[in-house]
Amino acid sequence: MQHDKTPEAAADVPARRRFLNTAALSGLAVAVGACTDKSGAAGAAAPASAAAGSHAGAANATHLAPGELDSYYGLWSGGHTGDMRVLGLPSGREIHRIPVFNPDALVGWGITNESKKVMGTKPDGSLRYTVADTHHTHASYKDGNYDGRYAWINDKINARIARIRLDYFVCDKITQLPNVQGFHGIFPDKRDPVDPAINYTTRVFCGGEFAIPLPNAGTEDGSKYRSIFSCVDAETMEVRWQALIDGNCDLVATSYDGKLAATNQYNTEGGVHYEDMMSAERDACLFFHVARVEAAVKAGKFKTIGDSKVPVVDATREANKDPKTALAGYVSVPKNPHGVNASPDGKYFICSGKLSPTGTVIELAKVLDWFDGKLEKLDDVIVAEVELGLGPLHTAFDGRGNAYTTLFLDSQVVKWNVDAAIKFHQGDKSAKYVVDRLDVHYQPGHLSATHSETAAADGKYLAVGCKFSKDRFLPVGPLHPENEQFIDISGDKMVLLADHPVRGEPHDFIIFKRDIVKPKQVYSLDESPIAVKDPKESGVTRNGRKVTVKLTSQAPAFSLREFKVKSGDEVTLILTNLDKVEDLTHGFAIPNHNVNFIVNPQETKSVTFTAGKPGVYWCYCTHFCHALHLEMRTRMIVEA
Ligand code: K7E
Ligand code: RUQ
Ligand code: CUA
Ligand code: CA
């Protein structure tokens, strides 16, 4: 199938491409260039609003007077820093970093026993992993909009999914997916596939990108490698089921009715090397019929792989030839698609072409028709396949029928109208589906609009994560920040409002109105089973070589003026911050013992360490809390 193209090519596009591609991915550019030559035109008509850039009101739109609060929260993945960032928008200020997969020195994540339990430890008590690579973050839904309960984030390196509690903005659970390497796409469901009364998120779907031998007993023969799609329970965070598939998984999307989950596949070839992975002209978007998969699991139609007890259903092409019983269907989409995104009206998934200059629009009602045996050819679910520009990656929405797709190689965002694209595809060549183009700086990956992938998309702002910043900020040596650009999409034309440097290397993000979450600023003592609720409970108890030290903090003092342990003791220190005032956090550091962590108001943390050489160790508060902050200390006296 040949994708649609419009006759005109924007005249200034080639020169700009030449400039951009000197820096980024020349190999990929060549590949895509070849693809474009074949199709002739390089994109639909509509001049880039480009140099127009910012307008006079731009500064006002993002500037908040001192003391003014932002109107939106943004949750950003941190990339290989392994954290989640919290931004305020429209100002673009970074408000918080939530440590997730990697140790964090500020809060003592990876040092306290509580955080180590979440992160996972080896038998010797040390952290199982200290590296991670987060790409995608999505939040829990209710009635098609965010409900402010949870967010999830993936670790691609070690195939882990983490949950963030949005009441405290902390990570509370991490699950490692069995049988998976290179876990990439992630998306919560929005409704139960069977029980319509469950109108909120109960599952999170996870796409396994790298194929491996299953079970993974080393074999070099790539033709035996397979990928797995997983479903994780939103509450327990246990893996409910997995599906063995043909090809691989990239990004993931879910339908608003809960019935469908899908993943884009760029490696239907099953290639081990990149040239093999891009040898076919078309790949696929793989749809799962969630209710059928769960019925198959219930009926015992699954196997398990290796040591894992997780049920694995067969979602390969061979086993799913009859649409009426199929667990999955493979929709053909152009060469190496990347992003797949659900439109806010619930009707469409949009697949981005990456190595094809196209966007593919899939109508979900037709996918369900195919599963019901009412549509003969599965590929007839495609209602548009239109040219957008070079290197389309991800798509956002404004709730007014427009889609916004990043063009990695063109360094642009293209705004296009989905209905017009469908008309164009149906043969109405007068349908101008491209509404606007905006140059961004440079090479954009993800983009997301305010409430973009929810039924409440409000079409106010768009953020674009540009993977290269080149000349946009003061140089700081060889490592450049990324450039998160902020765009006003409330009018016909996109207006660039601001550049924000961000530390590498966020990918995906979501933006929602500030009233979606109601963060608590003081803990409840009951959150911890080991809270030291009264200073009178402070003291040292010994059980052989194991010693427990309990203490509390209340500015400007710890409840113990000193405590004694013996060199070589295994010491567990439990600290509860009894201060109740918002923002009154204390720290606790012990010299030479690699101990430092914070306790927020009414929070309890514990650490376990081996007491070192005999001597006096001044334990002190590391978090500025009081005029007598420097004086807030206690002594650990280590005896011989
Ligand atoms: Cu496009 Cu991992 Cu979402 Cu990065 S992926 S940009
Ligand atoms: S003391 S405010 Cu080291 Cu000047 Cu910190
Ligand atoms: Cu307590 Cu500083
Ligand atoms: Ca491919």
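**Reading cores and a ligand shell in a predicted model**

Trainee: With which residues is phenylalanine 349 in contact, its neighbours within four places in sequence left aside?

Mentor: Contact requires C-beta atoms, placed from the backbone, within 7 Å. By that criterion phenylalanine 349 is in contact with Ala253, Ala262, Cys285, Val340, Asn341, Ala342, Ile362 and Leu364. The model is predicted: local features need pLDDT of at least 70 and side-chain atom pairs pLDDT 80 or more, while totals for chains, interfaces and linings use all residues. Residues are numbered from 1 along each chain as its sequence is written, with chains lettered from A and ligands numbered from 1 in the order in which they are written.

Trainee: Which residues touch the most other members of the largest nonpolar core?

Mentor: In soluble globular proteins, nonpolar side chains tend to be buried together. A nonpolar core joins buried Ala, Val, Leu, Ile, Met, Phe, Trp, Tyr and Cys residues through C-beta atoms within 7 Å; buried denotes 20 or more other C-beta atoms within 10 Å of a residue's own. Here the largest core has 129 residues, and Ala243, Ala262, Cys285, Phe288, Phe349, Ile362 and Ile487 touch the most other members. Domain 1 (1-164 + 400-519) and domain 2 (177-387) each give this core at least three residues; the bounds come from an automatic or database domain assignment. Another core, of 30 residues including Val549 and Leu575, lies apart from it.

Trainee: Which residues are around ligand 1?

Mentor: A residue is near a molecule if its C-beta atom, placed from the backbone, lies within 6 Å of it. Around ligand 1 are His135, His136, His184, Leu251, His338, Leu393, His394, Gly445, His446, His507 and Asp508. Domain 1 and domain 2 each supply at least three residues of this shell.

Key. A residue is buried if 20 or more other C-beta atoms lie within 10 Å of its own, exposed if 12 or fewer, and partly exposed in between; C-beta atoms are placed from the backbone. Two residues are in contact if their C-beta atoms, placed from the backbone, lie within 7 Å.
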